[in-house]
Amino acid sequence: MNAVRARVLIAKPGLDGHDRGAKIIAFALRDAGCEVIYLGLRSTAAEIISAATSEDVDVIGISLLSGAHLFLTSELIEERDRHSLQRVPIVLGGIIPPRDIEVLLGLGVAAVFPAGTNLPVIVQRVIDLASERRIDAP
Amino acid sequence: MTVEASRTTDSGIEVERIYKARDNPTDLEARLGDPGQPPFTRGPYPNMYRERLWTMRQYAGYGSASDTNARFRYLLGQGQTALSVAFDLPTQLGFDSTTTEALPEVGRVGVAIDTADDMTELFRDLPLDQLSVNFTINATAPIILAFYIIAAERQGVDPAQLSGTLQNDILKEFVARKTYIYPPEPSMRLVGDIVEYCTTELPRFNPISITGYHAREAGCNAIQELALTMSSAIAYSTLLTERGLRFDDFAPRLSFHFATTLELFEEVAKLRASRRIWANIARDRFGASNPDSMRLRFFSGCSGSTLTAQQPLNNVVRSTVQCLGAVLGGAQSIHVMGYDEAMAIPSTDAVTLALRTQQIVAHETGVADTVDPFAGSFFVEALTDEVEQRALELVKVIDDSGGAVAAIEAGIPQRWIAENAFRIETAMADGSKVKVGVNAYVSEGDEDELELFEVDEGGRDSQVARLRQHLERRGDSASAALVALAAGSRSDENIMPLLLDAARAGATLGEMSDIFQRAWGTYKEPALW
């Protein structure tokens with residue numbers, strides 16, 4: 001991990017255009033030494049997983065504020081698993097009602113950061129997940 | 001904290017320990033004028049709230065047209081004085097409810113509207129000749145306007161009687177709100193078509209609401225917000241005058257939209273400065289001869305980004321201060337946020353309390369009794385001048401880059417926003433900006449869970465079924481009108497009559513938007529870095 005910088009893909013699936021949070025996270029991860037690939041708005045699950053594969057990322061971060069997080073996250077997890085990228089954790093931030101957090105973790109999301117999560121907490125968790133993936137790598 | 005430590009406003013203006021008469025310009029009287037007279041610093045109307053309170057307009061919409069119709073009736077029953085429609089993302093982005101892209105989002109952040117029939121249902125038993133309606137719609141604004149005109153006609157209401165506002169500000173979509181579809185140039189043509197059409201056909205309706213609110217919510221500061229709003233207004237006015245419209249014919253119907261955050265004095269200063277700047281721009285750049293063309297009227301949506309998921313009831317207090325700021329700044333209409341909006345779209349309780357907040361500020365505090373109560377305050381006048389001057393410097397930066405469209409294509413305002421948003425977040429993380437309940441006075445242990453609003457998935461299913469039935473019933477009877485629309489999109493003629501024909505023939509929002517996309521393509525925003 002020390003020798004190689006963590007590679008993180010940040011994307012916004014669905015139609016939601018609120019990208020303030022996604023960009024803040026992208027800046028913060030870059031400042032923390034990560035390689036950040038920002039895929040931008042209205043990315044489909046297929047586009048996200050294709051970029052994750054070609055960029056060989058350690059973590060996928062998505063941001064959703066439109067309320068469509070359960071559907072879009074399950075779709076993304078299915079697409080990831082179909083491409084045998086199970087070892088690439090998916091984290092999610094945005095407007096997420098507390099009742100949905102357990103559901104999302106149950107679906108296989110590695111971490112959920114609802115509105116109000118402290119920025120350094122998010123950065124550290126993403127870096128930790130990236131390190132775990134690197135250690136697990138065959 | 002020591003007394004000597006310097007203090008600055010959110011946008012970086014240094015605040016002195018004390019302000020005195022000498023801090024104000026000698027020509028203060030001229031800079032202020034009387035309320036209702038240019039340069040309108042003290043307010044757009046002579047009697048302001050003594051004659052008429054601001055319009056209480058809560059933004060609302062979810063599920064199907066009938067679901068939202070029920071919410072509208074509830075709000076009107078609680079004393080709301082006008083309507084404001086929230087559309088779902090598929091409607092904003094030109095997808096019919098039956099498409100793959102739409103399905104996860106149908107009815108979630110607003111109401112799903114696919115056809116003129118849906119719009120008719122949205123306003124069932126709500127008399128459109130008596131109700132002012134605001135539409136937060138941009139890329140698909142001309143289609144929504146066509147649906148609305150048809151809904152009015154079906155009620156027997158002459159479109160000339162319609163009052164309300166179409167947001168129709170596409171530039172800020174590219175900058176911040178991000179529900180753009182087509183590239184800037186054809187998008188601007190649609191804005192022009194709408195304003196031109198409304199100037200003759202809907203003379204009581206505001207065909208555009210030029211907005212700094214979303215750039216502010218996305219992260220820029222008050223001065224940048226004001227400058228971006230003015231640069232957009234300049235770009236639209238230039239477009240319209242180049243199309244041959246007289247400025248004095250359309251300018252009186254231009255309306256504006258600002259945020260009001262918790263930085264109370266700076267916000268009041270910004271709102272007062274906005275009126276003075278616009279009056280001067282209208283006169284000096286566009287040769288306004290009618291005072292109505294120089295009169296800036298605005299809506300304020302307070303500020304959702306200042307609200308917190310932690311200790312959510314604190315948001316009631318934050319919203320109250322913001323509502324007060326909008327009133328002291330002279331707003332014509334106001335939306336107050338629900339206290340639970342950092343977690344979900346607002347519950348009925350949260351919406352009701354937001355409306356009650358406005359009613360309490362209006363009727364129990366006396367703030368509406370005199371016009372522009374901050375006038376002559378050494379501090380507020382000094383701040384008003386400073387905000388005005390700094391905003392004009394940024395307007396010049398945009399002018400020098402070739403105007404609002406060129407600046408957006410170069411990513412200039414997008415960078416202002418992203419950098420300032422990151423600065424704010426970093427200041428919260430290191431504690432230099434205090435946020436109660438988040439980085440200070442944090443609650444120990446579990447907080448009470450709120451009853452959050454849940455969108456009923458049934459609304460989506462019924463909307464999908466409704467659209468399928470509509471298409472079956474309609475068959476191919478809209479084909480000729482859609483062919484004419486396609487031809488019109490490739491010519492210079494005003495698109496509104498063609499959209500009205502297609503919508504009357506039963507064309508869907510998605511069909512009409514697809515025609516535009518085929519003619520003009522789809523915008524893709526520049527990379528972040």
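Quick housekeeping. This is a predicted model, so local features need pLDDT of at least 70 and side-chain atom pairs count only at pLDDT 80 or more, while totals for chains, interfaces and linings use all residues. Residues are numbered from 1 along each chain as its sequence is written, chains are lettered from A and ligands numbered from 1 in the order in which they are written, and side-chain values use heavy atoms, with hydrogens and water left out.

Okay, cavities. On a 1 Å grid over the protein atoms alone, a cavity is a set of points where a 1.4 Å probe fits but cannot get out; a pocket is an open set with protein on both sides within 12 Å along at least five of seven lines; and lining residues have an atom within 4 Å of a point. Points are joined across faces, edges and corners, and volume is the space filled by probe spheres set on them. With that, the structure holds six cavities of 30 Å³ or more. For the largest cavity, 15 residues form the lining, and B:Lys172, B:Val175, B:Leu228, B:Ser232 and B:Ile408 sit closest to the centre. Two or more residues each come from α7 (171-177), α10 (222-242) and α17 (404-409) of chain B, and α10(B) gives the most, with four. Helices here are DSSP runs of H or I, at least four residues, and strands are runs of E, at least two, numbered from the N terminus. By class that lining is nine nonpolar, five polar and one charged, where Ala, Val, Leu, Ile, Met, Phe, Trp, Tyr, Cys and Pro are nonpolar, Asp, Glu, Lys and Arg charged, and the others, Gly among them, polar.

Now the second largest pocket. There's about 820 Å³ of space in there, with 34 lining residues; nearest the centre you'll find B:Tyr45, B:Arg52, B:Thr55, B:Arg297 and B:Gln332.

On to the interface. A:Asp19 and B:Lys178 meet in a salt bridge, at 2.6 Å, N to O.

Have a look at A:Asp58 with A:Arg134, 2.6 Å, N to O. A:Asp58 is in the loop between α2 (45-54) and β3 (59-64) of chain A and A:Arg134 is in helix α5 (residues 119-136), so the pair ties together parts 76 residues apart in sequence.

Most residues other than glycine have a negative phi, and most peptide bonds are trans. B:Pro38 and B:Pro39, though, are joined by a cis peptide bond, omega about 5°; B:Pro39 lies in the loop between α1 (28-32) and α2 of chain B. And A:Arg42, in strand β2 (residues 35-43) of chain A, has a positive phi, near 55°.

How values were computed: A salt bridge is a side-chain nitrogen of Lys or Arg within 4 Å of a carboxyl oxygen of Asp or Glu.
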